[in-house]
Amino acid sequence: MDGTEHLTVRREGATLVLTLNRPEARNALSLAMLVGLHDGWLAADADDAVRSIVLTGAGGAFCAGMDLKALAGDGMAGEEYRDRLKADPDLHWKAMLRHHRPRKPVIAAVEGPCVAGGTEILQGTDIRVAGASATFGLFEVRRGLFPIGGSTVRLQRQIPRAHALEMLLTGRPYSAPEAAAIGLIGHVVPDGTALARALEIAEQVNSCGPLAVEAVKASVYETADMTETDGLAAELKRGWPVFATADAKEGARAFAEKRTPVYKRA
């Protein structure tokens with residue numbers, strides 16, 4: 001895929017890198033960006049050669065949230081993207097990972113502001129890396145708005161409820177170290193190195209059996225709200241077939257032969 005004027009796409013080996021590319025607006029969400037994100041998630045899911053996805057932002061920012069002016073569209077480009085939204089009224093929620101979960105692992109590489117809609121998209125990612133000066137927060141209540149991208153549901157499931165409620169009800173900014181301390185992100189790295197670290201993690205994911213990786217991710221989310229008994233039953237149903245795959249046999253042979261496995265998604 002080619003992306004859009006506000007969303008660039010490139011391949012780094014088996015990793016698809018999606019870059020929010022509107023630095024003059026701190027990568028605030030536009031229709032062009034949302035359409036590009038939506039198409040990027042689907043392209044990654046459809047391409048078996050893609051084993052992981054990295055989401056990042058251009059110009060030292062991740063995402064400053066929604067840009068209502070841009071969503072109104074401008075000229076022919078705006079008309080084109082509005083037509084996409086009319087054809088699929090759920091497109092923007094899929095783009096923001098509210099109503100779509102890619103089957104490949106998604107790693108966020110955050111520099112600078114990751115606030116409002118940026119923090120909401122972040123909650124749809126699986127692994128999170130941030131530069132030391134990155135900032136996070138859900139500012140909606142300060143503007144009399146509601147964080148409708150999923151945060152009142154997801155945040156309390158990802159970090160302790162007391163921290164989730166403080167973030168949601170105060171609308172205050174959080175530093176990267178504070179975000180890591182409450183469990184919102186997993187890694188804090190020197191400024192300017194978040195993408196490099198995310199790509200390192202992606203390469204670790206890519207070296208694993210792709211069928212196993214996808215099944216593990218699916219099981220984690222599928223069982224999150226189940227009782228332990230139901231979750232363990234679902235895990236067996238999801239995980240046991242992996243052992244019968246050619247990839248599993250290749251992994252065992254490679255371990256015995258002390259070599260790097262070559263997985264073929266079979």
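**Exercise 1. Locate Lys 258 in the chain and decide whether it is buried or exposed.**

Step 1. Lys 258 sits in the segment that follows helix H12 (246-257). Helices (H or I, at least four residues) and strands (E, at least two) are DSSP runs, numbered from the N terminus. The model is a predicted one, in which local features need pLDDT of at least 70, side-chain atom pairs count only at pLDDT 80 or more, and totals for chains, interfaces and linings use all residues. Residues are numbered from 1 along each chain as its sequence is written, and side-chain values use heavy atoms, with hydrogens and water left out.

Step 2. The phi angle of Lys 258 is near 55 degrees, a positive value in a residue other than glycine.

Step 3. The relative accessible area of Lys 258 is 78%, so this residue is exposed. The cut-offs are under 20% for buried, over 50% for exposed, and in between for partly exposed (1.4 Å probe, protein chains only).

**Exercise 2. Carry out the steps of Exercise 1 for Leu 97.**

Step 1. Leu 97 belongs to the loop between helix H4 (91-95) and strand E4 (106-110).

Step 2. Its phi is near 65 degrees, which is positive although the residue is not glycine.

Step 3. With a relative accessible area of 1%, Leu 97 is buried.

**Exercise 3. Describe the place of Ala 233 and its distance from Thr 223.**

Step 1. Ala 233 is part of helix H11 (residues 228-239).

Step 2. A relative accessible area of 47% makes Ala 233 partly exposed.

Step 3. Ala 233 and Thr 223 are separated by 10 residues in sequence and by 9.4 Å in space, C-alpha to C-alpha.

**Exercise 4. How many residues of strand E3 are buried, and which residues lie on each side?**

Step 1. Strand E3 (residues 52-57) is mostly covered, with six of its six residues buried.

Step 2. In a regular strand the side chains alternate between the two faces of the sheet.

Step 3. Ser 52, Val 54 and Thr 56 are on one side of E3, and Ile 53, Leu 55 and Gly 57 are on the other; all are buried, and both faces are covered.

Step 4. E3 pairs with strand E2 (residues 15-20) in the parallel sense over six bridges. Two strands pair if DSSP finds at least two bridges between them. Thr 15 has Ser 52 in E3 as its bridge partner.

**Exercise 5. Give the strand order of the open sheet of three strands and name its edge strands.**

Step 1. The order is E5-E7-E8, and the pairing is mixed.

Step 2. Strand E5 (113-115) and strand E8 (174-175) each pair on one side only, which makes them the edge strands.

Step 3. Strand E7 (residues 135-137) and E8 run antiparallel and are joined by two bridges. Opposite Thr 135 stands Ser 175 in E8.

**Exercise 6. Describe the chain as a whole.**

Step 1. The chain has 12 helices and nine strands. Its radius of gyration is 19 Å, close to the 18 Å that the globule rule gives for 266 residues, so the chain is as compact as a globular protein of that length. The radius is taken over C-alpha atoms, and the rule is 2.2 Å times the number of residues to the power 0.38.

Step 2. The C-alpha trace spans about 55 × 45 × 35 Å along its principal axes.

Step 3. Of the 266 residues, 47% count as buried.
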